[in-house]
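Hello,

Here is the structure I promised to hand over. Please open it first, then read my notes below.

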Amino acid sequence: MKTQVCIIGGGPSGLMLSQLLHLKGIDTILLERQSREYVLGRIRAGVLEHGFAALMREAQCGDRMDREGEIHNAFCVASGGEVHRLDLQKHSGNSVIVYGQTELTRDLYEARDRMKGTVIHNVEDVKLHDLKAEKPNVTYRDGDNIVRIDCDYVIGADGFHGVSRKSIPGDVLREYEKVYPFGWLGVLSRTKPVSPDLIYARHERGFALCSLRSQVLSRYYIQVPLTDDVEDWSDDAFWSELKRRLPQDLANVMETGPSIEKSIAPLRSYVAEPMRYGNLFLAGDAAHIVPPTGARGLNTAASDIYYLYHALTDHYLNGDDAGLEGYSEKALARVWKAQRFSWWLTSLLHTFPDSIDYDQRLQDIEMEYLFSSEAAQAAVAENYVGLPF
Ligand code: FAD
Ligand code: DHB
C-alpha cells in the first residue's frame, strides 16, 4: 500500500490529524492496534480547552460537542472545609468544555467513516523502517501476512506505550520523567453530579476530584496508593472515602450509585525530546504525558496536532518545509508549559507519603495566596483554559 502520511494510533491525536489532513486533500492511512469497541470503551479525559474545541470544529466534528458539551466558566478548589471558586471567564476571558474523550473519539471515527478514510484496526506487530530515508515505510502483521505501507511521513500518535517513540535510537532520544507515588482511582456512575462546577479537593487523606460528563453522569476520582488494586475498592468503600475528603455539606448531598466503570491510573510526568526523528513525528501521549490534575493531557496533544496539521499542509500545498523543520522545538515549548502547570497543581493538591510538616505548610500558604491574589488566579485560569497554540 502507499500513502502520503502513515499515522500510527487511533486515539484522539491520530484520528484528528487524519481527519484534518483529509479535508486538505492529503492522503493518510491510520493503523490502530485495538478494535474500535476497545478504544471507545476507555474512559479518560473530560475537560477540553477552547483550542481543542476549535480544532474539532475545523475537523467538521464539532456539532455534537457544541450541542451536548457543557461550557464551564469556573472550577472550584476545596481545602480546609472551604470551597473557593476560580472564575475562568473573569480571569482569562475564556472557558472550557466538558465533553468526554470517548464521545469525541466516536465523533472522529464517524467522520473518518463518512469520508471513507482508511482506518485499519487490530493491526499487530507494527514496525517502522527507514525513518531517515526519503521514503520511510511501516509494516504490520495481518494474520500470516506482513503488510507494507510506503509513505512520505510517519506520525507516531500511538500513546505512551506505543512503538513509535521506541523506534528512535537511544542515543538520539532524551527522556525526562517524574513518577508520583500514587494513582487516581476513577469511577463513572449514572448519578447526578454533586456540583455544577468541577471540584478539586485537597485533603489530608488524599486528593479527590468531582467531575462529570453530563447532568446524569458523574465522574469522580480519589488519590490512592500505587499498591492498591481496583478489586480492593468496592463501590461502597469508594463512595465513603470520597465523601470523607469533601466538605461536609457536599458529602451530605452526594448522590451515590453503582459504578459503571472503575479503574486506577498511575500519575506520571514524562517528556521525550526531540519529537522528530528523520521522517517520524511524534504527537500526543506518544511523546509526553502529564499527571491528570489540571486536565492538560489531551489538550497538549491538540497543540501537537495543530502544528503538524499546518506543517504538513504547508509542505504539500505550498512546498514550504519550515513548519516541519521547526515542529519539535515549537511543540516542546508548549509541552513544557503544560508540564509545569500539571506538576504544580499535582504538588499543590495531593498528599505525598514522604512530605514533612514544612511541605504541608507550604501547600497551605500556596492555597491561601492563590485565593487572596487576583494575579495568582489569573495565572491559573490562563493555563487551565489553554495557552495559545
Ligand atoms: P491515546 O489516547 O493513548 O491513543 C493512542 C492509540 O494508539 C491507542 O488507541 C492505542 O491503542 C494505539 N496504539 C498503541 N500502540 C500501538 C501500536 N503499536 N500500533 C498501533 N496502534 C497503537 N486529558 C485532558 O486534556 N483532559 C482531561 O480531563 C484528562 N483526564 C484524564 C483522566 C484520566 C484518568 C487519564 C488516564 C487521562 C486523562 N487525560 C486528560 C489525558 C488524555 O486521556 C490523553 O492525553 C489522551 O488520550 C492522549 O491521546 P493520544 O491520541 O495522544 O493517545
Ligand atoms: C477530568 C479529569 C481530569 O484530570 C481533570 O483535571 C478534570 C476532569 C475528568 O475525567 O472528568
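Start with the shell around ligand 2. It takes at least three residues from each of domain 1 (2-71 + 97-178 + 268-349) and domain 2 (180-266 + 353-385). The domain bounds come from an automatic or database domain assignment. This is a predicted model: local features need pLDDT of at least 70, side-chain atom pairs count only at pLDDT 80 or more, and totals for chains, interfaces and linings use all residues. Residues are numbered from 1 along each chain as its sequence is written, while chains are lettered from A and ligands numbered from 1 in the order in which they are written.

Which residues are around ligand 2? They are Ala-45, Gly-46, Val-47, Leu-198, Ser-211, Arg-219, Pro-292, Thr-293, Gly-294 and Ala-295. Each has its C-beta atom, placed from the backbone, within 6 Å of the ligand.

Now the whole chain. The protein chain has 12 helices and 20 strands. These are DSSP runs (helices H or I, at least four residues; strands E, at least two), numbered from the N terminus. The C-alpha atoms fill a box of roughly 60 × 40 × 40 Å along the principal axes.

Last, helix H6 (residues 101-114). Its 14 residues should span 20 Å at 1.5 Å a residue, and its end C-alpha atoms are 20 Å apart, which agrees. The expected span is 1.5 Å times one less than the number of residues. Just after H6, Lys-116 takes a positive phi of about 60°.

Best wishes
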